[in-house]
Amino acid sequence: MTTSNQVAIEAVGLVKKYGNTTALAGVDLTVPTGTVLGVLGPNGAGKTTAVRILGTLLRPDAGHATVGGYDVVREAAKVRSIIGLTGQYASVDEDMSGRRNLVMIGRLLGMSRADSRSKAAQLLDRFELTDAGDRIAKTYSGGMRRRLDLAASLVGNPSILYLDEPTTGLDPHARNGVWETIRDLVLDGTTVLLTTQYLEEADALADSLMVFDKGRVVASGRPAELKAQAGKQTLDVRPAEPAHLERVAAIVAEAVGVRPSVDVVNALVSAPVTDGTSLPVVVRRLDEAGIAVTELALRLPSLDEVFLALTGHAAEERPVDILEGVGR
Amino acid sequence: MTTATIENVPAYRSRPFAWVQQSLTLAWRNIVRIRQNPEALADVTFQPIIFLTLFLFVFGGAISTSGGWRGYLPFLLPGLLVQTVVFSTMGTGVGLNDDFAKGVFDRFRSLPIARISPLIGAVLGDAVRYMLSIVILMATGFALGFRFDNGVGYGLLGLVIVLGFALSMCWIWVWLGLTMKTAQGVQGIAFLVMFPLTFGSNIFAPTSTMPGFLQEFAKYSPIPYLVNLERALMGGGPIQKPLLVTLAWMVGLVAVFAPLAIRAYRRRT
């Protein structure tokens with residue numbers, strides 16, 4: 001039923017102001033049906049404002065948007081019937097049990113009492129919440145709460161889903177579970193718009209990525225393209241003896257072909273590299289010189305560095321570095 | 001309808017009276033929440049008991065001309081009934097503000113349901129709280145020797161009217177609950193309004209004993225009329241004038257504050 005050239009979400013020139021603050025300064029975006037768009041940006045970049053407009057919770061001051069072909073302002077009721085919102089966009093009721101939350105949504109959507117109950121049971125089962133179903137949501141762990149958020153947004157079988165940082169704060173096991181669910185939904189043809197702080201998550205899920213900053217889209221493309229734009233990988237070497245800094249810097253310079261930066265305070269030598277081929281060379285030379293190191297790592301650009309590269313200023317929130325490679 | 005067919009039918013269907021069922025569902029939610037959070041009921045359970053016994057025994061001997069606190073009870077209880085119910089209406093505003101702050105209302109607003117349903121649901125759900133406070137206060141009163149001297153029929157009518165008044169007045173708090181930033185703010189304003197409104201009235205003592213400015217103030221407040229009506233219905237006396245004034249106030253409160261509340265609900269982001 002889905003053809004790849006259909007558009008699920010389209011926004012043109014969205015503007016939203018709060019007093020003197022401009023939350024959105026003209027945002028265009030397009031999400032083809034059945035794909036995942038990842039939206040990246042620091043707090044206050046306008047991500048949430050954009051999603052709230054696309055979720056009919058907020059009217060834009062200028063510009064227009066359609067979701068599933070319906071105008072978000074003029075045909076808000078129709079838009080609401082095909083979307084699902086999670087997390088900070090639309091919360092579950094913490095003072096009710098997970099099951100009652102789901103039954104309530106079913107009833108509000110016009111399902112009969114029996115249908116609401118069976119739908120709730122089915123979703124609890126799908127998200128491994130059956131045992132916790134009758135406990136009030138306040139007592140849920142972070143992972144359970146995310147799964148309930150997701151379940152709540154799926155009661156009406158939405159064809160378009162807005163996810164708010166679906167895995168922030170989750171342990172790797174819970175995170176993989178949420179990723180699996182999202183992938184399954186996409187396989188079923190659901191269109192997903194997700195905000196995230198993690199490049200890794202965007203890599204894992206998103207077909208395309210947009211970076212918001214100060215109410216504007218500053219970059220968009222496939223995750224790999226953005227990372228390439230953001231800069232290369234970084235080689236970090238930290239000698240055990242600070243006295244060896246200069247010699248390490250010389251070895252790295254020779255292996256990489258670029259003069260590395262030397263951070264005397266942290267006793268760290270860093271150099272930009274295009275790939276990992278220089279790493280064995282550095283290891284060999286260090287060994288030959290008999291220099292012990294406490295850290296030897298090849299890093300992908302962190303979110304901080306992506307923002308720095310794309311926006312010219314640092315992200316406000318403390319990002320979690322994505323470490324890969326050796327020496328950890 | 002089987003589960004299989006729900007999967008394929010869009011949940012949104014335009015039904016003419018869908019908002020009634022949606023409101024009832026949301027009222028049910030508020031009642032479930034009350035059951036799960038019984039400590040939140042303190043204001044409608046213990047407070048009426050404490051207020052009645054305190055005011056009765058502290059002021060009873062001083063205010064009543066005959067019979068000490070026993071003589072004061074038929075005067076105090078109808079008044080305190082009004083105060084209790086008026087005070088419990090502000091909980092509606094505090095609760096709505098909390099729902100907004102926590103993002104629960106965004107869930108409702110993102111669903112294809114009637115805009116008015118969450119507000120009506122909140123008010124209907126709170127009607128249960130109001131009823132509870134009425135029942136507890138009256139039970140305490142009866143235990144202390146209060147009786148419907150004007151007949152049970154009129155007495156019960158008095159309870160229905162005070163409940164109706166609460167359901168009209170709570171729209172002020174629905175509106176403020178949607179307009180103000182924090183639940184504490186709502187509560188602060190509520191106390192600022194409630195204390196002069198209830199104490200500056202004939203609830204505890206006849207207004208004729210008060211200075212002129214307070215008597216003037218009481219003339220323009222609905223509370224003394226409602227209190228007089230309750231006293232007349234429960235103990236005897238002229239009914240027509242206080243009934244008409246009270247009903248006019250109820251209609252007026254809903255006519256002014258319900259539209260304001262709906263407007264605030266639509267605008268709140």
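Modeller: A crossing is left-handed if the near helix is turned anticlockwise from the far one by less than a right angle. Keep that in mind for this predicted model.

Biologist: Which hand does the crossing of H3(A) and H2(B) have?

Modeller: H3(A) and H2(B) cross in the left-handed sense.

Biologist: Which residues of H3(A) and H2(B) meet?

Modeller: H3(A) brings Arg100(A), Met104(A), Arg107(A) and Leu108(A). They face Gln22(B), Thr25(B), Arg29(B) and Val32(B) of H2(B). By class, this contact has three nonpolar, two polar and three charged residues.

Biologist: How many residues does each chain give to the whole contact?

Modeller: Chain B gives 28 residues and chain A gives 33. On the chain B side, H2(B) gives the most, with seven residues. That side divides into eleven nonpolar, eight polar and nine charged residues.

Biologist: Now inside chain B. How do H6(B) and H7(B) pack?

Modeller: H6(B), residues 117-143, and H7(B), residues 152-179, have axes 10 Å apart and an angle of about 135°. That makes H6(B) oblique to H7(B). The crossing is right-handed.

Biologist: What classes of residue make up the contact of H6(B) with H7(B)?

Modeller: It has 14 nonpolar, no polar and one charged residues. Among those in H6(B) are Leu119(B), Asp126(B) and Ile134(B). H7(B) residues include Leu159(B), Cys170(B) and Val174(B).

Conventions: Residues numbered from 1 in each chain as written. Chains lettered and ligands numbered in written order. Predicted model: local features only at pLDDT ≥ 70, side-chain atom pairs only at ≥ 80, totals over all residues. Axes fitted to C-alpha atoms, helices over the stretch in contact; angles between N-to-C directions. Helix = DSSP H or I, 4+ residues; strand = E, 2+ residues; numbered from the N terminus. Parallel < 35°, antiparallel > 145°, perpendicular 65-115°, else oblique. Contact = placed C-beta atoms within 7 Å. Nonpolar A, V, L, I, M, F, W, Y, C, P; charged D, E, K, R; others polar.
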